[in-house]
Amino acid sequence: MTLAHDTINDLPVAQPEREALAEPLPDMPFSDRVESLPEALSIYINQLVYDLKRRGHDIVSLSLGEAFFDIPLFDFKKLDINKSYHYSDSRGIPELRGKIAGYYKHHYDAPLDAASELLITAGSKPAIFMAMQATLNPGDEVLIHEPAWLSYPEQARLVGAEPRFIPYDTPVSDFGDHIGPQTRMVVINNPNNPAGRIYSRDELLTLYTLCRQRGIYILVDEAYSDFVIDDPFTSMASLVPNKDGIIVVNSLSKNMGMSGWRVGYAIGSPPLIDRMLKLNQHIITCAPSILLYYLAQYFDQITAITLPQVRDVVEKRQRVAQMVDEAGLTRLDGSSTFYFFVSLDDFPGSSLDFSLLMLLNKGIAVVPGLAYGDSTSRFIRMSIGTESEERIRQSILIMKDAITAGTFDRPALRAKLESYGLAEFSPGADSEAP
Ligand code: PLP
């Protein structure tokens, strides 16, 4: 066999020879799709928080998308370690699928065939991406109800579809006004991050009737399904027992406080799950086997420990709701999750200005509402999952003062950002500058 080059060093553009070339080489290209992906605004803010904390600043973190639970470590030695080191079933190991199916049946009265209607993957993010990839074609439109979690529109774009948005104050009964000939999917997050809104059984039924007859999928992200304590919660999987035309995604990240384990799942009709399975096989293979075996073994013990903590968080939210209301801040209606979506009313700057003002001048981190859609750009998201009620109370009062002050010094704010050596937010090529 004759090789064109004897060794890798003989390749025409091998690294050592680059400097020797007379003409500089052009930059290597990247995909247009990825180049137009905006930086996630929530991650930008959290990155600033990490940077400031590293410099010794005390920051009240109301920007994190998590609640922290106390979860003991159960014994890994009881697992079959030989099986755990290797690839496992691409649908997710049957033992854990059985546990999740039992959970949906017991908690949400949703019948689930663990063999054919469930796919476990590495978090609900890939589950949403695979659901879109399995159902949409280039040019199809995805309708997303605002406030819209950041990754829905970007994932829709990544599969070549076009996201369209339904303003937050549109009742579900009017969603039909937004459906066009290219609409192929509607996405809702029930309960909703960031408002804490719960979609009622009637609303879900209205939506299903509207979409199914037009061949439009409904993707319901139920990532915060356990953060509902006094109000009724209806899973889309219980409303549509044969899962025809629906996709439900969920994960252990929020409900069990295990975001770092990257275990999530999709529920759908067998033909849809089969198609998503092909994607899972090519992209992920399987979620980490050892974690799946661990979760199957200790699922009941973990939920017995985490569910009371979920309840504590929602009760804390109820007390904080009272603080927000007593301070005279306006917020979107909602009783679930650990978030509040608070209006900036007459604050003279953008929601990014407000977030930077709070972070750099007051040491309070919140996420600009701009991240959740145009109709919500005059809001900020406040997460109460990780801070003490006293620090949250003080922060609410500081925010109220800033909102009503009627003025702020934008140039001074930007100068402060620069003096700390912190980056400005850089939206993607397609997105409007805030
Ligand atoms: N869906 C919503 C609404 C979320 O807020 C998040 C995380 O913030 C996710 C999904 C992602 O969850 P996972 O960790 O399962 O990928």
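Trainee: What area is buried between domain 1 and domain 2, and what percentage do carbon and sulfur atoms give?

Mentor: This is a predicted model, in which local features need pLDDT of at least 70 and side-chain atom pairs count only at pLDDT 80 or more, while totals for chains, interfaces and linings use all residues. Residues are numbered from 1 along each chain as its sequence is written, and side-chain values use heavy atoms, without hydrogens and water. Buried area is the accessible area (1.4 Å probe) that two parts lose on being put together, summed over both. Between domain 1 and domain 2 it is about 1,200 Å², and the part from carbon and sulfur atoms is 64%.

Trainee: Which three residues supply more than any other three of the area that domain 1 buries against domain 2?

Mentor: Together these residues supply 42% of the area on the domain 1 side. They are Tyr339, Tyr372 and Ser375.

Trainee: How many residue pairs are in polar contact across the interface?

Mentor: A polar contact is a pair of N or O atoms within 3.5 Å; within protein, one must be able to donate a hydrogen and the other to accept it, and residues adjacent in sequence count only if both atoms are side-chain atoms. With both residues at pLDDT 80 or more, the number of pairs between domain 1 and domain 2 is seven.

Trainee: Which element gives the largest share of the side of domain 1 that touches domain 2?

Mentor: Strands (E, at least two residues) are DSSP runs, numbered from the N terminus. The largest share is three residues, and it comes from strand 9.

Note on methods:
Helix = DSSP H or I, 4+ residues; strand = E, 2+ residues; numbered from the N terminus.
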